[in-house]
Amino acid sequence: MPDTVTTHSEDETIAVARAFASRLRPGAVVLLEGDLGAGKTAFVRGLAIGLGLDPDLVSSPTFTLIQEYRGTPSLYHVDLYRLQGAEVDDLGLDELSSGEAIVAIEWAEKMPQPPTDAWWVRLEDAGGDERRIVIVEARP
Ligand code: ADP
Ligand code: MG
């Protein structure tokens, strides 16, 4: 069943993601969808805090595709914004989640075959600073 929460600031979204991080098991994949400016990167910043990593490392990786923030666990931060379907397949994202690391993927709706055992986090701009965040739990 999806969890839905409404936030009213970037900090609130970060706090939601920070709390959500405690639900993630090793190797978990978090698929983020939502328009530009919806708050996907802010959510990943909150994930980093929740995982005990430095949130200042988290920037929009639009030009790098994949960033790794090292820690225990590490966090891979992926942004598919610039890619097309076949290019996404070539990234080998499956391998990123084969170990303990957590994987967060922005623009996951571009994945031709998203993993079925992943979390979905959808962010919607509800006007002004309001964002609706829908979290659908990973199927084991
Ligand atoms: P995305 O990665 O989805 O493109 P970002 O996280 O980079 O989005 O940017 C979200 C922008 O929206 C930031 O400028 C942030 O300050 C602003 N913002 C305003 N209200 C919120 C909110 N409730 N949650 C998250 N971001 C918000
Ligand atoms: Mg982003």
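Which residue in S6 is the bridge partner of Glu33?

Author: The bridge partner of Glu33 in S6 is Arg122. This is a predicted model, in which local features need pLDDT of at least 70, side-chain atom pairs count only at pLDDT 80 or more, and totals for chains, interfaces and linings use all residues. Residues are numbered from 1 along each chain as its sequence is written, chains are lettered from A and ligands numbered from 1 in the order in which they are written, and side-chain values use heavy atoms, with hydrogens and water left out.

Strands here are DSSP runs of E with at least two residues, numbered from the N terminus. Two strands pair if DSSP finds at least two bridges between them. Strand S2 (residues 29-33) pairs with S6 in the parallel sense, over four bridges.

S6 also has strand S7 (residues 131-136) as a partner: six bridges join them, and the two run antiparallel. Within this pairing, Leu123 stands opposite Ile133 in S7. S6 and S7 form a hairpin with five residues between them. In the turn, Gly127 has a positive phi of about 100 degrees.

Phi of Trp107 is near 60 degrees, a positive value in a residue other than glycine. Trp107 is buried, with a relative accessible area of 12%; buried means under 20% relative accessible area (1.4 Å probe, protein chains only).

Conventions. Buried means under 20% relative accessible area, exposed over 50%, partly exposed in between (1.4 Å probe, protein chains only).
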